[in-house]
Amino acid sequence: MSVEARSSVLGFRVVGLKFSEENKGVHQLLWKQHTIRTHSELKPTDRTLFVVNVPPYCTKEAFQRLFSEYGKVQNVYFHKKPTSGPPQVAKYPYFSTVAPVLGFKVAYIVFTHSSAIKKAMSVSPATVLVLSSQEHPILTGVQKWRQQYNEQFVSQAKMNDEIKGLMAEYDRKKEQEKAAAQQEPDDEGWVTVTSMKKKKPKVEKVDELKSKKNRKKKKRQQLVNFYTFQHRQAKMDHLAQLRKKFEEDKKRINLMKESRKFRPY
């Protein structure tokens, strides 16, 4: 297949990519203008280039430098699969649950002017981009591992700030859940409404306070008497049942004596 035939596949422009000048192997990048049905301010269709078959070792800085040849790059987004939404960004990097994008991926190159899309789509089929250079190297091997190891250590001040922010967000979330739960109706259809106004202290006379205490004391006394009567009545019922059972047992014993056939005397 000729170079001209390989320059376009299903609307994608095919461009070569080498990791460095010393490498003989050439990787193929495929890109075209980003198209979606709805307008997106993050990735506008007239200024966004959609790139697939992106190798794992590509970085945002390297792509910004490579695609700046076609126009000023506003932003670069990496995703595991095509999407019109924004990438997941960890608000708290040291307590993040967002998985990093590993392996081959897709990229969205957002330019500041739409003219950069035309330049990128009219690139020569013989073009081969170089990702890593002496001026802009991409770390690999032991150097990359050493950098990742050093980035694991963080200052105590940054860690404290992140912990405080994380706990404050957790408290706000719990307060919102509590407020939402109070507004939801229960099984019987009632909604609990709480007032944030402070209650004013009530001023009452001494006689009114005494009368209230006496009424409460009288109610408690009535309740005590009522429960005492219940206990007394329960005891009387229990004794009556015991007497009845005793009489029944006596009759049963007499019947057993009368029914005995052997009479030695």
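Predicted model: local features only at pLDDT ≥ 70, side-chain atom pairs only at ≥ 80, totals over all residues.
Reader: How many aromatic pairs does a search of the whole structure find?

Author: The general idea is that a pair of aromatic rings is described by the distance of the centres and the angle of the planes. Here, the search turns up nine aromatic pairs. One of them joins Phe12 and Phe50, with 6.2 Å centre to centre and 50 degrees between the planes, and this pair is tilted.

Reader: What parts does the pair of Phe12 and Phe50 tie together?

Author: Phe12 belongs to strand S2 (residues 12-18) and Phe50 to strand S4 (residues 48-54), so the pair links parts that are 38 residues apart in sequence.

Reader: Which residues touch the most other members of the largest nonpolar core?

Author: In general, nonpolar side chains tend to be buried together in soluble globular proteins. The largest nonpolar core in this model has 27 residues, and those touching the most other members are Trp31, Leu49, Val51, Phe63, Phe67, Ile109 and Leu131. Elements giving two or more residues to this core include S2, strand S3 (27-33), S4 and strand S6 (105-111). Helix H1 gives the largest share, four residues.

Reader: What volume does the largest pocket have, and which residues lie closest to its centre?

Author: Think of it this way: rolling a probe the size of a water molecule over the atoms shows where empty space is left. In this structure, the largest pocket has a volume of about 1400 Å³. It is lined by 35 residues, and the closest to its centre are Phe78, Pro100, Val101, Leu102 and Lys105. Helix H1 (60-67), strand S5 (73-79) and helix H3 (141-151) are the elements that each give two or more residues to the lining. By type, the lining divides into 19 nonpolar, nine polar and seven charged residues.

Reader: Where does Lys105 lie relative to Phe78?

Author: Lys105 lies over the face of Phe78, at 4.5 Å from the ring centre. Lys43 lies over the face of Tyr108, at 3.9 Å from the ring centre.

Reader: How many helices and strands does the protein have?

Author: The secondary structure comes to five helices and seven strands. Along the sequence, they follow the pattern β-β-β-β-α-β-β-α-β-α-α-α.

Methods
Residues numbered from 1 in each chain as written. Heavy atoms only, no water. Phe/Tyr/Trp six-rings, centres within 6.5 Å; stacked < 30°, edge-to-face > 60°. Lys NZ or Arg CZ within 6 Å of the ring centre and 35° of its normal. 1 Å grid on protein atoms, 1.4 Å probe; cavity = no way out; pocket = protein on both sides within 12 Å on 5 of 7 lines; lining within 4 Å. Points joined across faces, edges and corners; volume = space filled by probe spheres on them. Nonpolar A, V, L, I, M, F, W, Y, C, P; charged D, E, K, R; others polar. Core = buried A, V, L, I, M, F, W, Y, C linked by side-chain atoms within 4.5 Å. Buried < 20%, exposed > 50% of the residue type's maximum accessible area, 1.4 Å probe, protein only.
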